[in-house]
Amino acid sequence: MDDCIFCKIIKGEIPSFKVYEDEKVFAFEDINPISPGHTLVIPKNHAENIWDISEEDLLAVQRASKKIAQGIKEALGVDGIACMQLNGRAVNQEVMHYHLHLVPRRADQPALPITRWSLKPGNMDEIKERAEKISAAIK
Ligand code: AMP
Ligand code: ZN
């Protein structure tokens, strides 16, 4: 889709900190991370939400998320990962291209807000470094 920011990221028209890619799925670091290692997993085919996405693409996202979650755990030594996915403006979906949030947390980090958080730009050098670490840890 021409005016979709995540489609542009997939095509490389907008830069991203990529951690994983396969035939159907692309994953990259959220640039306003809720916690270090916050990663977005998206289908390459544009679909807005859970109602729109094909079962095949949904399964591909889920399958990839398992690998990526394993990579995050190994790379960052986290205690837990929240998998969150918002559908529609009513639940504060901001980017209308289906995306699964993988939000890691160590036990000593602040509690995670659920669907509403303020966007604070992260440190791009640190995000890049974590993207490389996670990417390298994904088998
Ligand atoms: P949601 O509310 O689930 O639609 O969240 C959209 C997420 O996309 C937010 O956490 C944003 O920080 C993230 N986001 C928006 N633009 C970009 C971008 N160019 N690169 C990485 N993450 C982005
Ligand atoms: Zn899109």
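Here are some exercises on this predicted model, each with a worked solution.

**Exercise 1. The zinc site**

Task: Find which protein atoms are the donors of the zinc ion (ligand 2), and work out how the site is arranged.

Solution: 
- Step 1. Start at the ion and look for its protein donors. They are SG of Cys4, SG of Cys7, ND1 of His46 and ND1 of His97, lying 2.1 to 2.3 Å from the zinc ion.
- Step 2. Check the angles among the 4 donor atoms, which run from 102 to 117 degrees. Four donors count as tetrahedral if all angles lie between 85 and 135 degrees, so the site of the zinc ion is tetrahedral.
- Step 3. Follow the donors along the chain, where their spacing reads C-x2-C-x38-H-x50-H. The pair His46 and His97 links distant parts of the chain, 51 residues apart. His46 is in the loop between strand E3 (39–43) and helix H2 (55–76), and His97 is in the loop between strand E4 (80–84) and strand E5 (100–105).

**Exercise 2. Buried or partly exposed?**

Task: Decide whether His46 is buried or partly exposed, and do likewise for His97.

Solution: 
- Step 1. Recall the cut-offs: buried means under 20% relative accessible area, exposed means over 50%, and partly exposed is in between.
- Step 2. His46 has 27% relative accessibility, so it counts as partly exposed.
- Step 3. His97 has a relative accessible area of 0%, so it is buried.

**Exercise 3. Around ligand 1**

Task: Describe which residues surround ligand 1 and how much of its area the protein buries.

Solution: 
- Step 1. Count the shell: 16 residues surround ligand 1, and the closest are Asp30, Asn32, Glu94, His99 and His101.
- Step 2. Sort the residues of this shell by type, which gives 8 nonpolar, 5 polar and 3 charged.
- Step 3. Look for polar contacts. A backbone N or O atom of Glu94 lies 2.6 Å from an oxygen atom of ligand 1, and a polar side-chain atom of His101 lies 2.7 Å from an oxygen atom of the ligand. A backbone N or O atom of Ile31 lies 3.4 Å from a nitrogen atom of ligand 1.
- Step 4. Turn to the surface. Ligand 1 taken alone exposes 510 Å², and the protein buries 91% of that.
- Step 5. Ask which elements contribute. Helix H1 (5–11) and strand E2 (25–29) are the elements that give two or more residues to the shell, and the largest share, 3 residues, comes from H1.

Notes:
Residues are numbered from 1 along each chain as its sequence is written. Chains are lettered from A and ligands numbered from 1 in the order in which they are written. This is a predicted model: local features need pLDDT of at least 70, side-chain atom pairs count only at pLDDT 80 or more; totals for chains, interfaces and linings use all residues. Side-chain values use heavy atoms; hydrogens and water are left out. Donors are N, O and S atoms within 2.8 Å of the metal (3.2 Å for Na, K and Ca); water is not among the atoms, so sites may look incomplete. Four donors count as tetrahedral if all angles lie between 85 and 135 degrees; four count as square planar and six as octahedral if opposite donors are over 155 degrees apart and all others between 65 and 115; anything else is irregular. Helices (H or I, at least four residues) and strands (E, at least two) are DSSP runs, numbered from the N terminus. Buried means under 20% relative accessible area, exposed over 50%, partly exposed in between (1.4 Å probe, protein chains only). A residue is near a molecule or strand if one of its heavy atoms lies within 4 Å of it. A polar contact is a pair of N or O atoms within 3.5 Å; within protein, one must be able to donate a hydrogen and the other to accept it, and residues adjacent in sequence count only if both atoms are side-chain atoms. Accessible areas come from the Shrake-Rupley method with a 1.4 Å probe; for residues, only the protein chains shown count as cover. Ala, Val, Leu, Ile, Met, Phe, Trp, Tyr, Cys and Pro count as nonpolar, Asp, Glu, Lys and Arg as charged, and the others, Gly among them, as polar.
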